[in-house]
Amino acid sequence: MALSDVREKPAARPEAARRLEQVKDKVAACIQCGTCSASCPNAEFMDMTPRRMWRALLAGRVETVFLSQTFILCASCYMCTLRCPRGLPLTWAMAGLKQAAFSLYPDRFRRSALFYRAFMDNIRQYGRVREMEMMTRYFLALKHPLVPLGYTSMGIRLMAKHKLHLRLPSAGPGRLAPLFDRAGRQEG
Ligand code: SF4
Ligand code: SF4
């Protein structure tokens, strides 16, 4: 995606612009200590460390943030939130950036949005992830026959180590469904 494609878009989508402002407010007290970057288990895979990303956001360089993969690679482990000396809700802020990105740039972030949807639906249904079923649903939603091929060797390795299990889909206990509904209403 070109830089020009990400400029001005937030203002064109009031809801996403409002979410971005909320995120900026929440991280405004960042002192750039770097604890979040040092604590993040996914930092080595990110093209920009969390600390640098917060700095870019607070400096108004929204396009830099949305051109990065940093917030997409956040695994919501809460490590940075627990360790930030300013007590900033960083995991919440990462999720806010994902929501804004999915809304502003649906084509660019389509794969990530579909992956999250498949993951959350699985959790809602079973209370945990059934990897094989989740990935099958993700691939079906993606409607791209070549994508599953890229996961074949990893899938075979995981099956050989008994990390993946073939199970028939079921309705699942659905015990988390009321919790999901409540959270959805609160997010409004
Ligand atoms: S840990 Fe908190 S204060 Fe330190 S750089 Fe990260 S967000 Fe900023
Ligand atoms: S919540 Fe996200 S950004 Fe924070 S440490 Fe975990 S993976 Fe990294």
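Analyst: Two residues are in contact if their C-beta atoms, placed from the backbone, lie within 7 Å. This is a predicted model, in which local features need pLDDT of at least 70, side-chain atom pairs count only at pLDDT 80 or more, and totals for chains, interfaces and linings use all residues. Residues are numbered from 1 along each chain as its sequence is written, while chains are lettered from A and ligands numbered from 1 in the order in which they are written.

User: Which residues is A141 in contact with, leaving aside its neighbours within four places in sequence?

Analyst: With those neighbours left aside, A141 is in contact with L114 and A118. A141 itself sits in helix α10 (residues 131-142). The C-alpha atoms of A141 and R117 are separated by 9.6 Å, and these two residues are 24 residues apart along the chain.

User: Why does A141 count as partly exposed?

Analyst: A residue is buried if 20 or more other C-beta atoms lie within 10 Å of its own, exposed if 12 or fewer, and partly exposed in between, with C-beta atoms placed from the backbone. A141 has 16 C-beta neighbours inside 10 Å, so A141 counts as partly exposed. Of the 188 residues of the protein, 21% count as buried.

User: What makes a stretch a helix, and how many helices and strands does the protein have?

Analyst: Helices (H or I, at least four residues) and strands (E, at least two) are DSSP runs, numbered from the N terminus. By that rule the protein has twelve helices and zero strands.

User: How do you know what span α3 should have?

Analyst: The expected span of a helix is 1.5 Å times one less than its number of residues. Helix α3 (residues 14-27) has 14 residues and should therefore span 20 Å; its end C-alpha atoms are 20 Å apart, which agrees.

User: Which residues of α3 are buried, and what do they line?

Analyst: The buried residues of α3 are A16, R19, L20, V23 and V27. Seen down the axis of α3, they fall within an arc of 100°, so they line one face of the helix. The arc is that of the directions from the helix axis to the C-beta atoms. The face of α3 turned away from that buried side carries the exposed residues P14, E15, R18 and D25. As background, an α-helix has 3.6 residues a turn, so residues three or four places apart point the same way.

User: What are the buried residues of α8, and within what arc do they fall?

Analyst: In α8 the buried residues are L90, A93, M94, G96, L97, A100, A101 and L104. They fall within an arc of 155° seen down the axis of α8, so they line one face of the helix.

User: Which residues are closest to ligand 1, and how does the shell divide by class?

Analyst: A residue is near a molecule if its C-beta atom, placed from the backbone, lies within 6 Å of it. Around ligand 1 there are 15 residues, and the closest are C30, C33, T35, C36 and C84. Ala, Val, Leu, Ile, Met, Phe, Trp, Tyr, Cys and Pro count as nonpolar, Asp, Glu, Lys and Arg as charged, and the others, Gly among them, as polar. The shell around ligand 1 thus has ten nonpolar, three polar and two charged residues.

User: What surrounds ligand 2, and which element gives the most to its shell?

Analyst: Ligand 2 is surrounded by 15 residues, the closest being C40, C74, C77, M79 and C80. The elements that give two or more residues to this shell are α7 (79-83) and α8 (90-104). The most comes from α8, with three residues. By class, the shell around ligand 2 has eleven nonpolar, four polar and no charged residues.
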